Amino acid sequence: MTIQFNDETFHGDFTFKNSDWAIKRFPFPFHEDSYMYSVNMEPHTSYRPGSVFERTFDVDEHYVSEMKDRARVLANDPLRCQSLPHMTLAGWDLVELIMEAKAREYPDLFELHKDGNRWRWINKPLGIDDTFTFLDESTLPYGPMEYITRQTQGDFAVLDQRDDNLWMDAGMVTTQADWSLDFDIGMNFFEWHAPVPKAHEMGIFVRALKFLLNIQQGQPARRLNWTMTVNPLLDTSPENYHKWGVMKQGLTMENIGDKQHLRVELQTFFRLPRSNALVFPIRCYLISFNDLVTVPKWARRLHRVIRDLPEELATYKGFIDNRPLMVEWLSQFDDGSPTSDGIWPDDD
Amino acid sequence: MSKTQFPPSITSRPVYGELEARSGSGHLMIADAEGAEAILDLAKSVDQGFWAKAHIIYIPKKTGTKYSSQLEELGAGQYYAGPSYEAAQGRIRRALLDCHMGTQVYLSGTESLMGQAMAEATAAGIPHTAIQAEHRGSTARRMQCVHCKGITEDVTTDPFECSHCGLSLFVRDHYSRRLAAFQGVRVDAEDPGNIPEKVELFK
């Protein structure tokens with residue numbers, strides 16, 4: 001299908017909107033009526049045509065506007081994109097991974113033509129037609145990681161692997177759930193997860209790291225994570241928390257359906273061939289409560305998950321103060337009937 | 001002052017040990033305030049030959065002359081006392097540059113000093129196995145404001161005011177070795193003006 005790209009904003013007047021198509025394919029993250037941390041990894045293989053799991057790097061109707069929002073955030077704060085000197089090769093690996101996948105999976109939108117190391121990259125939605133020499137930084141307008149991630153939805157953490165650990169040594173981070181690349185760059189896996197409650201004691205990070213260290217080339221993995229965001233704000237960074245934090249105030253029974261968004265991260269993990277680094281794209285999908293409850297199963301389940309979530313998690317995810325209102329509003333859509341297993345809407 | 005026992009809550013915070021003399025081609029010792037005690041304790045177990053190859057860089061801070069004469073009397077090949085870390089920084093960088101293979105680095109005192117010197121030593125290519133650190137004295141924190149990126153030294157309360165942008169920040173238990181600082185985040189972001197009373201958490 002040809003994607004109709006929205007012209008929309010993720011700040012200021014917040015004109016972001018999901019079409020019926022985008023609602024139907026939304027990656028609802030709860031496969032049962034309750035939630036607790038787990039190492040919920042699965043192979044990142046093509047699954048369920050039309051879903052966000054079909055392609056290596058999902059492109060949807062928000063693509064062009066998300067890339068404009070990224071450029072805006074970077075202009076305001078260039079430190080959202082950083083790469084330690086030893087990570088340049090991993091950046092080239094990422095250029096290759098994304099260009100090859102997009103050109104293969106979206107031939108009507110992207111083209112890659114190779115003549116030895118001379119590559120021509122055509123990105124039709126963004127109006128880019130560049131010819132450059134692979135592995136020669138001087139032939140691109142930005143460093144390789146920055147160049148390609150200015151053209152790809154989702155944040156990117158590029159992790160160096162050494163000493164049986166992963167090190168956050170490069171990244172492009174403009175759509176994050178309240179963490180700072182500038183603060184975390186150079187940290188290992190346990191260090192950058194330090195502020196997460198409970199999961200350390202549960203052994204989650206030890207198991208997750210073990211899994212990630214063993215990811216092989218050509219065998220990517222994925223998982224979903226989630227939080228809540230008031231207004232469709234992609235940039236919920238700690239840097240700007242003093243500007244967006246106040247938006248959590250003023251929710252009412254009348255406006256919560258429009259303003260409150262479920263924020264889902266599709267996290268994928270790929271081994272990179274030359275650098276042996278691991279790239280960790282974190283793709284953010286937003287859906288308003290109003291849109292979400294158009295799927296009856298999701299409405300019932302979200303009500304139950306939010307109602308029963310342990311207090312520490314609601315606090316860490318930043319919605320403890322608004323939880324009672326969320327539960328009250330969502331309860332209107334929960335008649336108590338059972339929900340089917342799995343994340344997908346019922347077909348009826 | 002006794003050695004500090006930190007609560008085990010912060011995964012990103014370094015774990016500090018106890019300085020012990022090791023054999024090495026040189027001994028670079030960087031300390032502030034009560035950190036002098038760790039060096040003086042170590043001195044009890046080494047012979048005089050140890051000091052000929054030692055270089056002590058000491059920042060007394062509020063302790064004034066309490067320890068400086070004792071440190072000087074150890075007879076290190078080089079001894080320097082300076083008024084602040086910033087003032088000593090050029091000398092520290094030069095001393096790290098001059099290190100030969102096998103030099104041992106000893107850091108003691110506040111987290112701020114150890115963190116900054118550790119980052120310098122690592123950047124200079126000193127292997128982490130050749131660096132020891134022992135916490136002594138104040139548990140005040142060096143904080144980075146996540147909003148303006150300015151560093152505020154010697155923070156003892158939560159919340160505190162950023163010395164650069166003036167926002168009231170709470171102290172997040174998250175530590176960056178690269179910045180040698182904890183993270184400060186605006187405390188009243190969701191409810192501007194609602195600033196909790198300051199509590200003295202660190203001394």
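This is a predicted model: local features need pLDDT of at least 70, side-chain atom pairs count only at pLDDT 80 or more; totals for chains, interfaces and linings use all residues.
Q: What scores does the model get, and what about chain B?
A: The model has ipTM 0.88 and pTM 0.91.

Q: OK, what is the order of the five-stranded sheet in chain B?
A: That open sheet has the order S3-S2-S1-S4-S5 with parallel pairing, where strands are DSSP runs of E of at least two residues and helices are runs of H or I of at least four, numbered from the N terminus, and two strands pair if DSSP finds at least two bridges between them. Its edge strands are S3 (78-81) and S5 (131-135) of chain B, each pairing on one side only.

Q: How are S1 and S2 joined there?
A: Six bridges join S1(B), residues 26-32, to S2(B), residues 54-59, and the two run parallel; within this pair, B:Ile30 has B:Ile57 as its bridge partner.

Q: Which helices pack on that sheet?
A: Helix H4 of chain B (residues 85-97) touches S1, S2 and S3 of chain B, and its direction makes about 165° with that of S2(B); axes here are lines fitted to C-alpha atoms, for helices over the stretch in contact, and angles run from 0 to 180 degrees between N-to-C directions. Helix H5 of chain B (residues 111-123) packs on the sheet as well, touching S1, S2, S4 (103-109) and S5 of chain B, with about 155° between its direction and that of S4(B).

Q: And what does B:Ile30 touch?
A: Leaving out residues up to four places away in sequence, B:Ile30 touches B:Ile57, B:Ile92, B:Leu107, B:Leu113 and B:Ala117, a contact being C-beta atoms, placed from the backbone, within 7 Å.

Q: How many residues are in the largest nonpolar core?
A: That core has 46 residues, and B:Met29, B:Ile30, B:Ile57, B:Leu107 and B:Ala117 have the most contacts inside it. A nonpolar core is a set of buried Ala, Val, Leu, Ile, Met, Phe, Trp, Tyr and Cys residues joined through C-beta atoms within 7 Å, and buried means that 20 or more other C-beta atoms lie within 10 Å of a residue's own, against 12 or fewer for exposed and partly exposed in between, with C-beta atoms placed from the backbone.

Q: Switching to S6(B), is it mostly covered or open, and what does it pair with?
A: Strand S6 of chain B (residues 141-145) is mostly covered, with five of its five residues buried. S6(B) pairs with S7(B), residues 151-155, in the antiparallel sense over three bridges, and with S11(B) in the parallel sense over three bridges.

Conventions:
Residues are numbered from 1 along each chain as its sequence is written. Chains are lettered from A and ligands numbered from 1 in the order in which they are written. Two residues are in contact if their C-beta atoms, placed from the backbone, lie within 7 Å.
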